[in-house]
Amino acid sequence: MTGADDAALPAQTEVAPTDASGGPALLVESKELLVLAQQAGRFGIFEWQVADGAVQMSPHLLTLYGLARFDGRYDSWLRCIFREDRVRLTNLIEAALADRVREVEADFRITRGDDATLRWMEARYIVFYAGADRGPSRVVGINVDVTEQKRAGIQLRVFADSLEDRVRERTRELEEEFRARQKAEESLRQAQKMEAVGQLTGGIAHDFNNLLTVVLGGIEGIGRQISNLPESPATARIVRAKDMATNGARRAAALISRLMAFSRQQSLAPTPIDANKLVAGMCELLRRTLGESISVETVLTAGLWRSFADENQLESAILNLAVNARDAMPHGGKLTIETANCHLDDAYVDKFAEPVVAGQYVLIAVTDTGTGMSPSTIERAFEPFFTTKEVGKGTGLGLSQVYGFVRQSSGHVRIYSEIGEGTTLKIYLPRHRDAAAAGGSRAEPLPASVMHGDASQCVLVVEDDDALRAHATEMLRELGYRVLEAADGAAGLALLATDAGVDLLFTDVVMPGGMNGRQLADEAARRNPELRVLFTTGYTRNAIIHHGRLDAGTELLTKPYSFDELASKVRQLLDT
Ligand code: ADP
Ligand code: MG
């Protein structure tokens, strides 16, 4: 134990010594213990005589402060305090002394004298007050170096903060994932609904289509017989009744064809299309349809790619959109049709549950300045029979035609609309690249005079629907052909084997009995390569039609077909 240690200890205390019986040996021992305790506890002893400003620091406290020498002045001690903590510390001490506080605690940083590093000190002092005014006389206590604890605390806080940040970040990610999943589910639900409605309407439409073929055919048959009747009031009534029935059946056929369009079961005859030309060609019709209060503007991109779709159907789609635009602008407004080349990227197509292939598309956008649509209307707008228009004004089949046609053409359609702002419908049709692979072209109907046949030419009708078969057979006989008929593929083949004179096979595509029209035709062609084949179907989702397109070289007559259509198609095939 050194003398300096003695000097560092308070000369006199006002608290009673704990060891009242302490002899010299015990005293020496306790001084040594005190020094060891200071080292172990990383603290040092501090005493300040307030009146004269003398400060004593124990040798271990001087070590903690990094001081080799200390002049014993309060001001010198104060200079060791890190300057940012100095004012706070002196204020704290002054306030405590003024309030006659006995025990004072403070923490502050010091700048070590030797290496100028910052250390955290925690101080605990006892203040003695003396004299008549009981002013502060001595401040005695300890400074503990708590740098390590502080550091650990700070690290803990940083860790906790970063943990909090991480939790917050992860929560945000999870919320985002959740929202994305919700959107995907919503989109999937919507796609599934459209699919289900499509199948339902498709089934009904298909059956009705067959029935209508018979009805229309019957009416046409009546029409052809009327010329043989003598002129009379009764004949006139028959003619009027026939015309009414024809009108009704035609309208029904149109309706059915829109349903078929929605359910993507329409036979399409896609060709390479210049959408600019098509839109420009429609302008006159649109102006007439929309009336004077609506101005029509077209913005046609130069260098527009060609697309590949059924031209008639695209025309109907644009017309449907224009009619909707007109209905949305009862007080007038503006209709804009734009075309553009565009690219749908992966990020865009990933958002949709419906299959959309990323790639190059031709965009046709129809915009109006009308009432706009609410989100719930947008959600249902493509459904067949969904309409917000009053009875008699809307059928709810306009947008469903657009939807079905575009989807069947491997395209994509979107609605952008804001209540009160107007609506844009965007149709994306795939870019057409290979000019050589142009698909089924539509032949102009031949004049009626050259459409008839003669008994030297034989047509084999294969159709499982009895009424339809009878109807087709009847018409072909009326046209002058020799006609054979069979109810399924096997019977058809048997007839072909026994009768060598068949020139044309006219067959339904979907038939029961294990052999569809395509298989029948393949087998028949194997036996007789000269044989011409004409398919008929209400569906396109079947063996000969891929993605709703005609196979190259496939001739197809879609139900319901008229007498003239059948006549001209059969004639055309037999003449080539
Ligand atoms: P319809 O026109 O017979 O009602 P659509 O299938 O063409 O049937 O349209 C369905 C519904 O979508 C309409 O009743 C209407 O509510 C809404 N709609 C379609 N196009 C527009 C448009 N351009 N502006 C505002 N609403 C529209
Ligand atoms: Mg409409």
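Author: A helix, in what follows, is a DSSP run of H or I that spans at least four residues, with helices numbered from the N terminus. The model discussed here is predicted.

Reader: Why is the pair Glu148 and Arg151 called a salt bridge?

Author: The cut-off is 4 Å between a side-chain nitrogen of Lys or Arg and a carboxyl oxygen of Asp or Glu; the closest N and O atoms of Glu148 and Arg151 are 3.6 Å apart, so the pair meets the rule. Glu148, at 37% relative accessibility, is partly exposed, and Arg151, at 42%, is partly exposed as well.

Reader: How many salt bridges does this rule give?

Author: The count comes to 31 salt bridges. One of them joins Arg119 and Asp145, with their closest N and O atoms 3.0 Å apart. Arg119 sits in strand β4 (residues 118-130) and Asp145 in strand β5 (residues 135-145), so this bridge ties together parts that are 26 residues apart in sequence.

Reader: Are Arg119 and Asp145 buried or exposed, and how do you know?

Author: Buried means under 20% relative accessible area; Arg119 has 18% and Asp145 has 5%, so both residues fall on the buried side of that limit.

Reader: What makes Asp243 and Lys242 a salt bridge, and what does accessibility say about Asp243?

Author: Their closest N and O atoms are 3.5 Å apart, which is within the 4 Å of the rule. Elsewhere, salt bridges that share partners join Asp85, Arg88 and Arg109 into one network.

Reader: What makes Asn516 a cap of α15?

Author: A side-chain oxygen of Asn516 lies 3.0 Å from the backbone nitrogen of Arg518, at the N-terminal end of α15, and this distance is within the 3.5 Å limit for a polar contact.

Reader: How do you know whether Thr507 is buried or exposed, and which residues does Thr507 touch?

Author: Thr507, which has its place in strand β15 (residues 502-508), has a relative accessible area of 0%, so it counts as buried. Beyond neighbours within four places in sequence, its contacts are with Val462, Gly517, Leu520, Leu534, Phe535 and Thr536.

Reader: How many disulfides does the structure hold?

Author: The structure holds zero disulfides. As for individual cysteines, Cys80 is buried at 10% relative accessibility, and Cys458 is buried at 1%.

Reader: What is the mean pLDDT of the protein chain, and where is pLDDT below 50?

Author: The mean pLDDT is 85, and 90% of the residues reach 70 or more. Over residues 435-446, however, pLDDT is below 50, and beyond near neighbours in sequence this stretch has 16 contacts in the model. Over residues 540-544 pLDDT also stays under 50, and there the model has 23 contacts beyond four places in sequence.

Technical notes
Residues are numbered from 1 along each chain as its sequence is written. Chains are lettered from A and ligands numbered from 1 in the order in which they are written. This is a predicted model: local features need pLDDT of at least 70, side-chain atom pairs count only at pLDDT 80 or more; totals for chains, interfaces and linings use all residues. Side-chain values use heavy atoms; hydrogens and water are left out. Helices (H or I, at least four residues) and strands (E, at least two) are DSSP runs, numbered from the N terminus. Buried means under 20% relative accessible area, exposed over 50%, partly exposed in between (1.4 Å probe, protein chains only). pLDDT is the predictor's confidence in each residue, from 0 to 100. Contact means heavy atoms within 4.5 Å. A disulfide is a pair of cysteine sulfur atoms within 2.5 Å. A polar contact is a pair of N or O atoms within 3.5 Å; within protein, one must be able to donate a hydrogen and the other to accept it, and residues adjacent in sequence count only if both atoms are side-chain atoms.
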